[in-house]
Amino acid sequence: MAALAFIETDEGVVKKSSLEAVSYAQAVDGEVTAIVFGAVDNIESIGAAGARKVLHVQDEKLAAPNIMAYSSAIANAMNQENSDLLVLAKSSLGDPVSARVAIKVDAALASNVSELPDTSGGYSVKKSIYTGKAFALTSLEGSKKIISIKKNAIAIKEDGGSAEVVSFSPSVNDADFTVTTTKTEKAEGDILLPEADIVVSGGRGLKGPENWGMVEDLAKVLGAATGCSKPVSDMDWRPHHEHVGQTGIKVSPSLYIAIGISGAIQHLAGVNSSKYILVINKDSEAPFFKAADYGVVGDAFDVVPKLTEAIKKAQG
Amino acid sequence: MKILVCITHVPDTTSRIAFTDGDTKFDKNGVQFIIGPYDDYALARAVELKEQSGGSITVLNVGEAETEPTIRKALAIGADDAVRVNGFPTDALFVAKQIEAVAKDGGYDLILMGRESIDFNGGQVHGMVGELLGIPSVSPVMTLDVDGNTAKITREIEGGKEYMEVPMPFVAGCQEPIAEWKIPNMRGIMSARTKPLEVKEPTGDAAKTNVKSYELPPAKEAVKLVEPDNMDELVNLLKNEAKVI
């Protein structure tokens, strides 16, 4: 038995969701090797999360994300390390990579997994389905398995120890490099929405993009990411990658704060696996209150700055 | 240009989700089924590409006979013909193997589908099909333009996007704003009735994952309301009760 965890980085920093993958693999298997690509500032965090070994791919050609080449490299690492389990965080890179690896190594793949597997009598996992509206207990067949986990599936270990870092030169093919990335555009320094422990989202109730300052101020004091509802992204008040909901980003933070969002079922689908939901809306009949843990019926323009101040005060 | 568009047959986004038979089957009672919203974007973009440069669109669904009205809708929107692989879509691998079997000798320049289905949300089928066919796969794709034998695409990443050039043929998992959904017109609906819909039997490939049972999330307790002028109390609840800040 040996597990491999695929680590993604953002601006050279290991993503929290990938550390969750390491801790998940450690909880399942004990013996975890991780694979990471390109320059990494905090490689020690991988050991602390529970890995014993880190395969560090330093080939310049593999520094930037590449679906096909990363798939080859990960399959190569699984074969070298005799890994019968690959764990990774569900993401825009993790989804296509895990699918290709599943074919390469002939593994059963389950994604959106929200808990540790049940190995009493077979091997089954709990997957979030219907955009968070239900779960499927799913059995995985065969000797090799890939588990793609949802944010908050497990707490990150911080005292797992240290990992031996070894350089890894995977075998890749020319065919893996036929797709070229000509440019990457990314908001720098922002907390990524799917990674955030707290998300603050605004809706049409905020009346216009010029009023987003108070959303950003609240997010800033909480170390939160900012999101928005579909109408807001459709009207170009905010970029599409902030759109939370059924056809946008699905989030499962510890706390989701919805400001001026009525709570259409398509929006709820993207947030209903949050641990806690706080709704601020002046309409006491807004359907979002039915899905909320905490609520404030009031004008966002009044409530949000007051909440930001109260948090600052509590933080001292 | 030959385009294959793979569609799912899924419950409407507003459906109430429930299960029957001891929580082992989805309860279809009162549920309206639609083309998967992401697949609908893929189909709409295929129709636009065909309008620009000609060619043909084949729509493919892996599903039992009940999915045919959904397939007819795709034909009404603008696909030329359809294939239904007559099998229950047990898991992503099973579906990907069926698509591979249809696509491998089909000479398709593009294989488009949604970034994920809205029932199982796996986002796996496009990558698996790409790997099975030995061609590139990209997802989630926000724009797709064809220029000779190459497509220029943008792919959404967390916090931004990547601009890519992808040699054809390839597989793309699509999402908004790649195209506007198309509503079938009367002419499309009439012509869809007579467009060819071929039914194929599935390959012998087995699924590698099987749903044993379903469950619903626990019911939420009633919301705790806090007065707008009592934000200290709200902070106290978030900090000491929920322990999230």
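Let me begin with the contact between two helices of chain B. On one side are Ala92(B), Leu93(B), Val95(B), Ala96(B), Ile99(B), Glu100(B) and Ala103(B) of H3(B), and they meet Val125(B), Met128(B), Val129(B), Leu132(B) and Leu133(B) of H4(B). By class, the residues of this contact come to 11 nonpolar, no polar and 1 charged. Keep in mind that this is a predicted model.

How do the two helices pack? H3, residues 92-103 of chain B, and H4(B) have axes 9 Å apart and an angle of about 45° between them. Angles under 35 degrees would count as roughly parallel and 65 to 115 as roughly perpendicular, so H3(B) and H4(B) are oblique to each other. The crossing of H3(B) past H4(B) is right-handed.

In total, 63 residues of chain B are in contact with 72 residues of chain A. Which elements give two or more residues to the chain B side? They are helix H4 (125-133), strands S9 (137-147), S10 (150-157), S11 (160-167), S14 (209-215) and S15 (224-225), and helix H6 (231-241), all of chain B. S11(B) provides the largest share, 8 residues. The chain B side as a whole divides into 31 nonpolar, 17 polar and 15 charged residues.

S11(B) also pairs with a strand of the other chain. Strand S12 of chain A, residues 180-186, is joined to S11(B) by 6 bridges, and the two run antiparallel. Within that pairing, Lys183(A) stands opposite Tyr163(B).

An open sheet of 6 strands runs in the order S14(A)-S13(A)-S15(A)-S16(A)-S17(A)-S15(B), with parallel pairing. Which strands stand at the edges? Those are S14 (225-228) of chain A and S15 of chain B; each has a single partner strand, so one side of each is left without a neighbour in the sheet. The partner of S15(B) is S17 of chain A, residues 294-297, and these two strands pair in the parallel sense over 2 bridges. Here Gly295(A) is opposite Leu225(B). On the chain A part of this sheet, helix H9 (residues 300-315) lies across S15 (255-259), S16 (276-281) and S17, and runs at about 135° to S16(A).

That leaves the backbone of chain B. As background, most residues other than glycine have a negative phi, and most peptide bonds are trans. The exceptions I want to show are two of each kind.

First, the peptide bonds. Met168(B) and Pro169(B) are joined by a cis peptide bond, with omega about 0°. Pro169(B) sits in the loop between S11 and S12 (170-174) of chain B. The bond from Glu176(B) to Pro177(B) is cis as well, with omega near 0°, and Pro177(B) is in the loop between S12 and helix H5 (186-192) of chain B.

Then phi. Asp21(B) is not a glycine, yet its phi is positive, about 50°. It belongs to the loop between S3 (19-20) and S4 (25-26) of chain B. Asp23(B), in the loop between S3 and S4 of chain B, also has a positive phi, about 60°, without being a glycine.

Are these two buried or exposed? Asp21(B) has 10 other C-beta atoms within 10 Å and is therefore exposed. Asp23(B) has 17 within 10 Å, so it is partly exposed.

Definitions and conventions:
Residues numbered from 1 in each chain as written. Chains lettered and ligands numbered in written order. Predicted model: local features only at pLDDT ≥ 70, side-chain atom pairs only at ≥ 80, totals over all residues. Contact = placed C-beta atoms within 7 Å. Helix = DSSP H or I, 4+ residues; strand = E, 2+ residues; numbered from the N terminus. Nonpolar A, V, L, I, M, F, W, Y, C, P; charged D, E, K, R; others polar. Pairing = 2+ DSSP bridges. Axes fitted to C-alpha atoms, helices over the stretch in contact; angles between N-to-C directions. Parallel < 35°, antiparallel > 145°, perpendicular 65-115°, else oblique. Left-handed = near helix turned anticlockwise from the far one by under 90°. Buried ≥ 20, exposed ≤ 12 C-beta atoms within 10 Å, placed from the backbone.
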